[in-house]
Amino acid sequence: MKQLRKSIRLCAAILAVIMVLPMLYGGYSLLRYGTRWRTSQYNTYLKTIKSGVTPGNLYDRNGFLLATTNAETGQREYPADETLRRAMAHAVGNSRGDVMNAAETFLTEYLYGANMSYLQRLRQTLEGGLRGDDVTLTLDSGLTAYIASIFPQGKNGAVVVMNYKTGEIYAMNSFPGFDPASDEAVSIQQSLNRATRWLSAPGSTFKIVTLAAALENIPDAQERVYQCEGELSFPGYTRVVRDYGSAHHGALTLRQAFTQSCNSTFASLALELGDKALRRAAANFGVGDNFTFRDLVVENSSIAASDRELLGPDLAWTGAGQNQLALTPLHMCMIASAIANDGVMMEPRLLMRVTTPDGQTRLGFETNVYRTALPADKAQTIRAYMRDVVLAGTGRSAQVRGLSICAKTGTAEIDGQKDDNAWFVGFIEDADQPVAVCVVVANAGTGGSVAAPIAQKIFTYIGGK
Amino acid sequence: MNIALKNQRKAGRSPRQNGLTGLVVAFVFFGFLLLMLQKPSLMNAVMLAAVPLGLWAVEMILPRLFSMDRLLLSLVDFLCGLGILLQYRYNAGRGLEQCLNYGAGLVAMVGCGLAVRCIRSWKLLVLPMMACCCALLILPFVFRSANAGLGATAWVTFGSFRMQPSEIVKIAYLFVLAYFLSRRRVVFALAYTGVMLAFLVAQRDLGTAAIYGGAGVVMLYAATSSLMLILGLAGAGLGAVSALYLLFKDSFFLTVQNRIRNWLDPFATYDLPGGGYQMAQALIAMANGSWWGTGLGLGDISRIPEYSSDFIFSAVMNEFGLVFSLLVIAVYILIVLRSADIALRSTSAFHALLALGGAGLIAVQTFIIIGGITKLIPMTGVTVPFLSYGGTSLVSCMGIMGVVQGVANNNERILREDRLLAGEEDAP
């Protein structure tokens, strides 16, 4: 009986602990995914939350009014300037909620005052109706409108501009756009926010990650001389790795291979690194992670469709930024930002301030480190390489006099597309202007010739301020 | 006789437990009062008076008729009251029916209690009980057509009456296992558990199989204190289930495969047939409730198809919030701990194992369903003890509590006899 009693006590304790686990997990999920679930398109209860509350205003970082509610009609209104309205459409969204997880939807709990205390609620009801909080976004409407004006007409794509030291997003454009003030139906193509939800192969811009992996895992990677035959074949496979435009780079150092964006060299580096090391480096940059940023929903990136080991041409092409890689423009911008910020990747932020109707700050801005992607010294090396890309490599057309710009271009070949996707990621190497940019133009040509000039204009705009 | 009676009265009337009864009654009263204020109607007014009064009467009268643990009774009553309140809030008819189910549950509770108390020799009963269990578990296969379209073949229907035999068999399983294990017939206990599990897996009712298995493991460990045995069995069991699953995942266990897929990402499979729709809505209901809830009568979980049975706890999380839900779970834990306490006080291994097994059944069932709706583990369709709508579920859970109460009653009888033997005087 004594032994039995002892066992009973142990069993009871274990059962009690087990029963608490679901609630602990529930609390954790609520903290991590609560906002995402509440603002999900499937939540019919949102209507109940919104009813009877006048939503607050949305402002850009300079106090420019982006969305407000007309006191008489009760309709949501957007800026009078149509270009500006269209440029901001994906970041701000519209009242119908066409854009998934845009500020108008995702920030519902602030705009509709779900965080109000019962006392405030009571006072507001007595004063003549509930009103939500005003939200100031980190976006710069002037910059966003400027980007919309220089982006090639009729092309699809996305542009992200962010502060690599704080994570503030200055601009987030997606093309094609739509007019949030119009009642016309919005197609899925128009409403898709390509900056955060468009997963595709980032082309050679991903060589930043391959380079980081090589610097960390291959001690003499920088001293070696690589041979580029213009083509790399694999025994037992028909698929080969070719260089862009069938270029033949000959003997070159790692630095030259990066500035010339030599596929063969990076393919052979990927083969030498192997599946594990390449995946680990990518994971350090957040590839494969379940993003749960506080202010915006970003699709999760992945290195391949499955966890199966990448071999031969698959592995080689992944190292060169192709194969099954799937990243969003915003994530590529974050990767460039990590290089600029000594390896530290900041959490992207869209929310600058939440203000109550009587002018008090409910929530201020705070920066948050998302993860450390690589050691500072490696980031400095890559930065120097990226500087070379602009000075003497594929990114020459992004050069701006007086600014130290570092960059990497990419030309992503997509099956079934006539032209390639043009990619550009880069940043200003200057603590006073810590700005990183990612430009993607779909079906347009090479990164160096199409995306880099757009970035050059954006850098000029920012640098001229 | 006189002293024994006094003793019983004294044990039955501890002031603190009266306070608990008051709290339970007040909670249910205020719940119905809120509903009444939101929508005044004669029906609501009747419920407002009748349900708290009924619960109060049960807690006051029942312990006098049949000596039982009043703390345990109050805790169970709280959950049943909460269940009736939630069912009534969403569907008045179901609420009324749940009251009847509660009545049936009380009968089952007293019946099981009396069985534990009065039946002294289980030797003759065990074999017929085992045979009955098997027969009952075969029934759903006979009524196969009634189960068409459902995930599991676990129901039996007579006209409009529907029941799940595995719920009732639970109680018999508890007795049989306690009997064998108290006599150290471990092999018999294992074989019997194996047969039960085989039936349940064949019914594709993996949730219930897990409850049987979990409670069985608890009793087995308590009886043998052999960790190696438990680990070995758990390993073998998991191995067998995984092997079966991998072999038949595209045919027999297709629903199970769906549920695992829906567990990994319910929002991704939202629109597929048999997809994550229900699970996603449950998570949304939880998020809408957040920490403090929307308030009783102000939330909405009717988008979850099975909201009145398997997903009723989503209503608790939705309208009362996560903090309150944790307190409700604390009530379940108290029930389990109190049952274990009753097991510790019992003088025979059979009774100790009965009480502990009852605690195990309730605990594992609670874990499986609450874990399911919070997405900790894949969803398996089992009911929430005491809260879910449905007669069989309530009868079975209250029957299990009756078994524990029977053990408590037995403990007290023995204590009284001991006192009498020791010649201890009871001060008037």
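Predicted model: local features only at pLDDT ≥ 70, side-chain atom pairs only at ≥ 80, totals over all residues.

Visitor: Is B:Met196 buried or exposed?

Guide: Buried. The cut-off is 20 or more other C-beta atoms within 10 Å, and B:Met196 has 26 C-beta neighbours inside 10 Å, so it counts as buried. Another distance for your notes: its C-alpha atom is 9.8 Å from that of B:Lys170, 26 residues apart along the chain.

Visitor: Let's zoom out. How many helices and strands are there in chain B?

Guide: Chain B has 15 helices and two strands. Its radius of gyration is 22 Å, close to the 22 Å that the globule rule gives for 428 residues, so chain B is as compact as a globular protein of that length.

Visitor: Okay, chain A. How many helices and strands there?

Guide: Chain A has 16 helices and 19 strands. The radius of gyration of chain A is 25 Å, close to the 23 Å from the globule rule for 465 residues, so chain A too is as compact as a globular protein of that length. Its C-alpha box is roughly 85 × 80 × 40 Å along the principal axes, and 51% of the 465 residues count as buried.

Visitor: What order do the strands have in the open sheet of five?

Guide: In chain A, that order is 8-7-19-18-17, with antiparallel pairing. Strand 8 (169-175) and strand 17 (405-412) of chain A are the edges, each pairing on one side only. From one strand to the next, the twist averages 5 degrees.

Visitor: How many bridges between strand 7 and strand 19 of chain A?

Guide: Seven bridges, in the antiparallel sense, between strand 7 (residues 157-163) and strand 19 (residues 435-441) of chain A. A:Ala158, for instance, stands opposite A:Val440 in strand 19.

Visitor: Which strands does helix 7 of chain A touch when it packs on the sheet?

Guide: Helix 7 (residues 141-150) of chain A touches strand 7 and strand 8, and its direction makes about 30 degrees with that of strand 8 of chain A. Helix 14 (residues 329-340) of chain A packs on the sheet as well, touching strand 7, strand 18 (421-428) and strand 19, at about 145 degrees to the direction of strand 19.

Visitor: And the open sheet of six strands, what's its order?

Guide: That one runs 4-3-2-6-14-15 in chain A, with mixed pairing. Its edge strands are strand 4 (76-77) and strand 15 (361-363) of chain A. Further in, strand 6 (residues 134-137) and strand 14 (residues 351-355) of chain A pair antiparallel over four bridges, and A:Leu137 has A:Leu351 as its bridge partner.

Visitor: What about the hairpin of strand 14 and strand 15 of chain A, which residue takes a positive phi?

Guide: A:Gly359, with phi near 85 degrees; the hairpin has five residues between the strands.

Visitor: Last topic: how many residues of chain A are in contact with chain B?

Guide: 30 residues of chain A are in contact with 40 residues of chain B. Helix 1 (residues 2-38) of chain A gives the most to the chain A side, with 23 residues. That side divides into 18 nonpolar, 10 polar and two charged residues.

How values were computed. Residues numbered from 1 in each chain as written. Chains lettered and ligands numbered in written order. Pairing = 2+ DSSP bridges. Contact = placed C-beta atoms within 7 Å. Nonpolar A, V, L, I, M, F, W, Y, C, P; charged D, E, K, R; others polar. Rg over C-alpha atoms; globule rule 2.2 N^0.38 Å. Buried ≥ 20, exposed ≤ 12 C-beta atoms within 10 Å, placed from the backbone. Axes fitted to C-alpha atoms, helices over the stretch in contact; angles between N-to-C directions.
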